[in-house]
Each structure stands twice: as C-alpha cells, then as structure tokens.
Amino acid sequence: MKNLLKTILELQDAVIISSVGVKNELLKMLSRTRTMVRVTYKSFEDVINDVIGSYNVQARIELAREEGITPEFAEIKLCNSLLVSESYQNAKIYDLLKIKGHYRKYLYLNPFALNLYRNRTVLVINDYGLNELFNRALRILKAETTVIFHCLKGNQQTAITLKQYLDYKTEVRMLLKEVGNLLEAGISPENIKIQEPTSEYIPYLREVFALSGIDLEFGTTPRLFEYELIQEFLAVLRENPNEDLSSGFQKAMVAVSREATNPLLSDLYAVLNPYLLTSYKVRDIYHDLVLALKTTPAHSQTYANAIRVRNLLDEVIDEADHVFVLGFSQDLFPKTRLDDDYLLDKEKEFLGISTSKILNKQLRLQARNFLIGIKNLHLSCAEQIGRSRLPISGLLRDLEPCSIDIKKIQDDYRISYSYDLDLLQLGKYLDLYRKYDQKSPELFLLAASYPEIPYRTFRHDFSGVAEELLNQKLANKYSYTALDTYYRCGFRYYLERILRIKRPSNEEALFIGNLFHYLLEGLLAEPVENIRSFLENRTIVYLQENNKIPTAKERFFIDKYFKVLELFYLQLQEETENSDFLLSGREEKLRIEIDDALLEGKVDKILTWEGIDATYAVVIDYKSGSADFDLNRVIHGLNMQIMVYFYLLNKTSPKPLRFAGGYLQPLLPNSVFNADSKLSYREQFRKYFRRVGYSNADQQVLRKIDRHFDENSFLSGIRLTKSGDFYADTKKHLLTDEEYEALLKLTEAKIREAISAIRGGVFPINPKRLGYLDSCDYCPYRDLCYRNEEDYLKLREYKEFEFLKESI
C-alpha cells in the first residue's frame, strides 16, 4: 500500500479505479497520514456504465415479451449484445447484433462521461482482466488517455504450510480451534479473516461456529427476494395484475406499512423507482421485478468483533492479518471457469474476447499473488468433500519458488472451544460403536470427558416460543383455513404461520384449481352464450396475466375440465331456475373484529330469500375434489368452514339472517367416475355436482331452495317417504333453528379459543384422529415434528349433535 500511495502522490488529478475494499483501505491510509490528494474514485462497474453504458429495465421487459423468454435470459442476451461486433458472425451473434441495434434506444450512456477521464491519468488497481465489459471499456479509455496498472502485492513468502485433513468437516473443526487459539492469544477478530469457501463448506461452517458462540459475518449478502417482507409485497402485486404500476405498488406498500422503519424498504424503493418511469401494468413487469429482487443485495450492516468470511482476493491484507483459506483442492480454489457462457470459447476467440482458458490462467495468477503475499497464511484442504475425493489444487505448482510443506492433520479433541460441538461428535462416535463396534481414541477421550451425555434420548415436545419472536410473527388476522390448521395440529400451525416454513405443494393441481376458479368467476359474472369459446378466451387472458405456459399434461386436463365446466354451468342455470333464492353476493369478502383480532373469509356464493317474517340465507363454497364435511366435528374445532361463514355473515349483515342451507359444491372431480349403467353421462355429472351439506329442517324453506327437492333434488342426501316425511338418513343433513343457533355459539367459542391459544404461544404436537381423519395424512412436515403414536389425540365421534343436547 505504501508503494501505491507513493504512485498516487506522484500523479496529478488521477482517476483511480479499484474495488470498494481497496478504496476503503486507501482512504484509511490517507486519513492516518493526514495526506490530501486530488483524485476521483471509480469502481469497475462505474467505469462500465460511464464508457459502455447500461440498459434500463424497459429493454429487458420488451426483449422478454418480444421473444417469449424469461427476464434472466433477456438479461444475458442484452449483456452479451454489448460485447459483439460485426468482425465475426453466426446465427447467435447476428441475433445479438440485431438486439444491439434495436434496443439501443434503451441504452443509457452519458455522452459527457468520457470527459471525466480525458487528459487525466487513469490508475487501475488489481485488475486481472476477468470482466470482459470492463476490458472493453479499458480499450476505449486507452484511446482517450493514459492508463497505468498497479498490482498490490505483499512481501513474498518463502515457505507455505498446507494442512491436509481427511474430510472437510474435520477441516472446519480444526479451523475453529485455530481461530479459538488466536482469540485466546489476544488477536483481534478484526485481524482474523476467512476466504469464503465453496458452497459445500458453508452450512457446516455456520453450524460449527454457531455452536461455539463465535460470530461470523459473511460477505455474501442475502438478496431482497429472500425476505418475508418482500414476499408479502409480491403477494399483493400478484392479486392486482391489471393495476398500473403506481397504484399497484401503492397497494402492495400498504400491506408492508407496519414495518415503515425497516431498512429493507429503502432498498425496495430503489428497485421500484426505474419501473415507475414506464407505463406498464403490474402483470407486464412482475417477473422482471422478481429477477431484480433476486439479484439486488439487501441492506447490510457491519458488526464489530465478528470474524469476516468473504472473498478476500480483491481486498487489502494487512501484515497483522491471519488469513484462512479452506478447500485448497482442484477446481475449488481457484474456482475453475468452464466453457458454459452464452458465447462459447470458439465464438469468443473470433470476437477477441477472453476465453475460459485465458480466464482460468488469470484466476490462477490472481490467486497466486494473493497467497504468496500473506504473512500469516493458514492454508488447508480435505481429501474428501461430500462423496468426492479431490486432489490438492494444481495452483500448488504455481507457488514456487516458495517451499511447500504438506502436513496431514487429524482432529485433536484435547482442545475444545465448544461443549455442544463435542457432544455432537461424541454422539456420532457412539453411533459407530453401537452399530458397527468401531472404537477410536477420540471416542474414549470424549466419553471420559462427558460421561453424562444424554445419548439415545430425545424429547420432541413443543417446549415454547420466545415471546419476542411470537409477537413479531403473529398475524393480527385469522381465516377459516388458519383456524382449521390449528385445530388439526397446533405444531403445524406454528411451522406454517409462525416460522413461515413453506414446503412445495402440488403446483400442477394448484394451477388447475386457480385457473378454473378464475373461469367460474367469469362464467357467473354475466350470461354466456358460447361457453366453450368464453372459456378458451378467458384461459388465454389468465395465462398471459400469470406468464404461464401450460405443459402438455396440463393442456390435456384443461381440455377435459372445459367439458366438466360446461356441464357445471348448465347445472347452475337449472338450480337458479328451480329456486326462489336470489343471488346476494359472489366472492364476497367478509371481515369482523373479534378479541382485538380480525376474522375474515371469502364466500363463493350467498343466496337469500325474503320470507314473511325473516330473511333466509344460503352459503355455498365450490370445491375441487371431495366436498364431504360433518358439523358434528365443530365441537373439536374441525369442519367449521360453513359455520364460520355464517358467523361472519350474521355479524356483517345489516339485518338478521336465518339459516336456510350451508353447502360445499363439488366442481372438478379428481378421479374417474365408476360407470353407472342406470345413469347417463349427463346424469352422472348432475349427481356429482349436487350440493353437499346441511339444510333447514323446515320443508317450506327447503322448497324455496329447491322446488323439486322431493323428486330429483340438486341437494345431496335429501329424500322424502311416500307419506311426505324425511327418511331417517336424511335427518343427518338437516338442522333445526335451535341446532343452528347452538352451533353458531359453539363456533364463536372455538374461534375465540383458537385465537387465545395462538396468542399464548400454545403449539403442541397434537395431530387428531377421528374416523377416517388423520391430521398427519399428506402433512409435508412429518420429518420435522417426529411425532409418535402417543402424540395423537383420538377424538370422540359424535352423532346427531349429542354435544348440543344440554345447550338446546
């Protein structure tokens, strides 16, 4: 650094191009020496933007739309278009040249930027020619002014020790001990640095140091897309695809306004601002915005007394620094560049661009200069990483004339900085002993040191959640789905709603379900003459809005379900013609406040009929697949959907409503029907589409719901004897006014009970068994809870609302 400072002082009014790390160290040195110097600092990216230019977001959006490609691929094409020239052409390069010409209007290049560099010496620090756009910018600068290069090198070492371990986990544990020894010797954490290893090392590196209570600060900052706050923002955008950007962004911001002081929001604003300069709709930019959020680092903080893990190749290493380089294995350090760029090596050669062979040579030179210039270098490698055995890095030969001393090291358990890590290792050795009768000195040493290890004991009970975490994660609103999840298993609610763990679901089924719910919503909005044509056109709109290209399998099911939906539409028309109940609400969003929380729900269809002395209501929810439910299970907090909707409806209605019927109506069958020779194809579907649920026990009200309920009813399970009475098995589908009122009160009590328990942090592992119900069936979290048979709550199955007898 002293030689660099001398060079800068000799130059007059220079432009210095370097990494941020080098710039910061240079500023520190100038501050310590109280030296004033007139210079302009530029990063490598700054120079590219000044000299080559950069495309705005509109270029990427337009290219992706025009060619029907992803924003990621559009970005690759745009970047490569800045590298090509007409000196050599093939189909790919011709395509890039067309893009370069057509999208030049979206390229931002300050016409006066070059004036900053003219007649001034440009000093480039530590450039190894690894960025081709910067290489091109340098060629332009060399034609305009004087460019000189400076390579930072420490005092060349004469001897380097390479420690070789059996596997990478031993390498990481020994790193911990070396770091612990340095800290114990009084070395400042600021002077202990770890070269960021490859991804294979990272999880275990984090685990080992966390168990030891030593904080690591990683240089790789999480991207904005990874944060829950940003996911909530995107969820609102997905719900408003047709909004213009200003109003769409504003709605989404309202959803995250509770965290107004979160620094992530300022990062988000910076990403959103370029889009606001365009006139697109939300649907036009959504996927491009996702890409921008995935590539934009979040606001990061620097912590004192944390050991830094980062790419040190571009940073200045002080003589007092202890630098650890793990994974000194072939292809891992330095990382080998492959011929897998969009422009292949044979194309790069013709265009005068550095090939992967040249880049690998430069990477080796950069790594060599880095290693031999470190006074306190701790170099290590592992013979086995995962399932792969890797030789020592070929860079070892380039370190000559340094003498290389390779030492094979074994784990040393006599020195330890982590009680928890020792117990973990002892458990593994005990496993080997118990299963395979393997003994080792490490086993005896650890067993003698920790004789009270709780080996082969495990408690998977939910032991509680920190109040701060609970208050931070608790939502102030609840839905039927949330309540149902809690009553099925409290721990599943905790995983999904508090920890926000999301497991992949059946995306194919979810897409089909959402599509046909969207199609049905359109069918019900207004009369339709040509149903098939309407469905096809609305499907095209849905696919465009969601940027979805269905697979061949999905297209097959879409065509099949078109026919089902046509039949369902005819069924709905028949139901309307044969009922005195009129449509009161569709996709109705209901919300009330209960115990300082919000309870909300969206009802697919609400029908009402004005009787002589009261207004009666019917609630219907459409279901793909099974529509069975049993209100006898409300006592256990299960199957409460219809009752929750009636509870919301009664609380929000301006006038009292009496119960007429609550139904789930099957929409899309998820399996093939068994052939019924007694019924036609149309009749079988009519039978499938019948509403499943509960009706008012009063025949006069039933007659208003379905005038022909006693003949060929569209209500499942409703039958009359010849004498006009209900069959015995029909009564299980009927509710008296008294039973309905009692169920409504019970539903309110179960809602309050769940909200209170959730707020109290009560999330036991308590899956339910009731008849054919098993809460653990299809649960994606069974690998997390380790539930056993004793955890099950075997619920009593009630019939005919026995539990209401005392309250009625």
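**Salt bridges, cores and cysteines**

User: Which residues are linked in a network of salt bridges?

Analyst: Glu190, Glu217, Arg308, Arg310 and Glu315. A salt bridge here is a Lys or Arg side-chain nitrogen within 4 Å of a carboxyl oxygen of Asp or Glu. This is a predicted model, where local features need pLDDT of at least 70 and side-chain atom pairs count only at pLDDT 80 or more, while totals for chains, interfaces and linings use all residues. Residues are numbered from 1 along each chain as its sequence is written, and side-chain values use heavy atoms, with hydrogens and water left out.

User: How many salt bridges in the whole structure?

Analyst: The search finds 56. One of them pairs Lys193 with Asp321, with the closest N and O atoms 3.0 Å apart. Lys193 sits in strand 8 (residues 192-195) and Asp321 in the loop between strand 10 (307-310) and strand 11 (322-325), 128 residues apart. Strands are DSSP runs of E, at least two residues, and helices runs of H or I, at least four, both numbered from the N terminus.

User: Lys193 and Asp321, buried or exposed?

Analyst: Both Lys193 and Asp321 are buried. Buried means under 20% relative accessible area, exposed over 50%, and partly exposed in between (1.4 Å probe, protein chains only).

User: And what does Arg503 pair with?

Analyst: Asp783, with the closest N and O atoms 3.0 Å apart. Arg503 is in the loop between helix 20 and helix 21 (507-525) and Asp783 in helix 28 (residues 782-785), so the bridge ties together parts 280 residues apart in sequence. Arg503 is partly exposed at 30%, and Asp783 is partly exposed at 44%.

User: Changing topic. Which residues have the most contacts inside the largest nonpolar core?

Analyst: Leu599, Leu631, Leu743 and Phe763, in a core of 65 residues. Helix 27 (residues 737-759) gives the largest share, 10 residues. A nonpolar core is a set of buried Ala, Val, Leu, Ile, Met, Phe, Trp, Tyr and Cys residues joined through side-chain atoms within 4.5 Å. Another core, of 49 residues, lies apart from it and includes Phe511 and Leu535.

User: What about Cys381, how far is the closest cysteine sulfur?

Analyst: It is 17 Å away, in Cys402, again too far for a bond. Cys381 is buried, with a relative accessible area of 1%.

Notes
A disulfide is a pair of cysteine sulfur atoms within 2.5 Å.
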